[in-house]
Amino acid sequence: MIYLNDDIAGFDFEAALPLLSDQRREQALKFKHEQGRKTCAAAYLLLCEGLREEYGITEKPVFEYGEHGKPTIIGHPDIHFNLSHCREAAICVISDCPVGVDIESIREYKDTLAHYTMNEEELAQIIHSPYPDRAFIRFWTMKEAVLKLSGEGIRNDMKTVLTGQETIETVVNEQRGYIYSVIY
């Protein structure tokens with residue numbers, strides 16, 4: 001199930017603080033800017049909401065991390081989840097199988113970054129798109145969701161991440177200015 005909060009401007013970080021685990025509170029407070037603190041807390045609260053709705057779990061989840069930083073919930077290894085956030089929104093996906101999600105702000109297209117991270121076919125689609133910025137972010141979120149699913153994380157060779165065999169759900173929200181991709 002996908003849980004999304006795209007009203008970060010209206011998110012009350014101070015009211016959220018007591019709802020966070022000590023671990024997540026510490027992580028949120030490490031962000032230099034308020035926006036990062038808000039989205040970090042919002043993503044965690046989406047996880048809490050999903051755990052309550054789907055599993056009846058009301059305690060604050062505490063994470064342990066895999067080799068490349070993929071979190072799991074201590075005491076609940078059978079619950080798979082993934083979190084992501086950008087300036088405009090926070091997202092959480094919960095499943096009974098491994099899952100990956102990435103959300104990114106729509107921002108200016110940078111040709112050098114695209115050439116560094118996209119293969120020739122992806123580049124052609126981006127360059128020929130009427131909106132290269134959106135096409136690039138769509139591919140980027142797809143790649144990052146795949147890497148988060150595997151627990152691998154960002155790697156040096158981003159060009160080979162997508163095989164074409166993945167089933168990835170991608171949503172573009174023009175009005176709010178973000179794109180997200182989910183893979184189960």
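Glu 88 is buried, at 18% relative accessible area; buried here means under 20%, exposed over 50%, and partly exposed in between, calculated with a 1.4 Å probe on protein chains only. The model is a predicted one, in which local features need pLDDT of at least 70 and side-chain atom pairs count only at pLDDT 80 or more, whereas totals for chains, interfaces and linings use all residues. Residues are numbered from 1 along each chain as its sequence is written, and side-chain values use heavy atoms, with hydrogens and water left out.

Glu 88 sits in the loop between β4 (80-85) and β5 (90-95). Helices (H or I, at least four residues) and strands (E, at least two) are DSSP runs, numbered from the N terminus. The side chain of Glu 88 makes a polar contact of 2.5 Å with the side chain of Ser 105. A polar contact is a pair of N or O atoms within 3.5 Å; within protein, one must be able to donate a hydrogen and the other to accept it, and residues adjacent in sequence count only if both atoms are side-chain atoms. Apart from neighbours within four places in sequence, Glu 88 is in contact (heavy atoms within 4.5 Å) with Asn 5, Asp 6, Asp 7, Ile 8, Ser 105, Arg 176, Gly 177 and Tyr 178.

Ser 105 stands opposite Tyr 178 in β8, and Ser 105 is itself one of the residues of β6. Strand β6 (residues 100-105) is largely enclosed by the rest of the structure, because 6 of its 6 residues are buried. In a regular strand the side chains alternate between the two faces of the sheet. In β6 both faces are covered: Gly 100, Asp 102 and Glu 104 are buried on one side, and Val 101, Ile 103 and Ser 105 on the other.

How many bridges join β6 to β8? There are 6, and β8 (residues 178-183) runs antiparallel to β6. Among the partners, Asp 102 is bridged to Ser 181 in β8. Two strands pair if DSSP finds at least two bridges between them. The open sheet has 3 strands in the order β6-β8-β7, with antiparallel pairing. Its edge strands are β6 and β7 (168-173), each pairing on one side only. Neighbouring strands of the sheet are turned by 10° against each other on average, direction ignored.

Helix α6 packs on this sheet and touches β6, β7 and β8, its direction making about 150° with that of β6. Axes are lines fitted to C-alpha atoms, for helices over the stretch in contact, and angles run from 0 to 180 degrees between N-to-C directions. Asp 133 lies in α6 (residues 132-150) and is buried, at 18% relative accessible area. Leaving aside neighbours within four places in sequence, Asp 133 is in contact with Ile 106, Arg 107 and Tyr 109. In the loop between α6 and β7 lies Gly 164, which is exposed at 62%.

What of the cysteines? A search of the whole structure finds 0 disulfides, a disulfide being a pair of cysteine sulfur atoms within 2.5 Å. The sulfur of Cys 92 is too far for a bond, because the closest cysteine sulfur, in Cys 48, is 8.9 Å away. Cys 92 is buried, with 0% relative accessible area. For Cys 97 the closest cysteine sulfur is that of Cys 92, at 14 Å, again too far for a bond; Cys 97 counts as partly exposed, at 28%.
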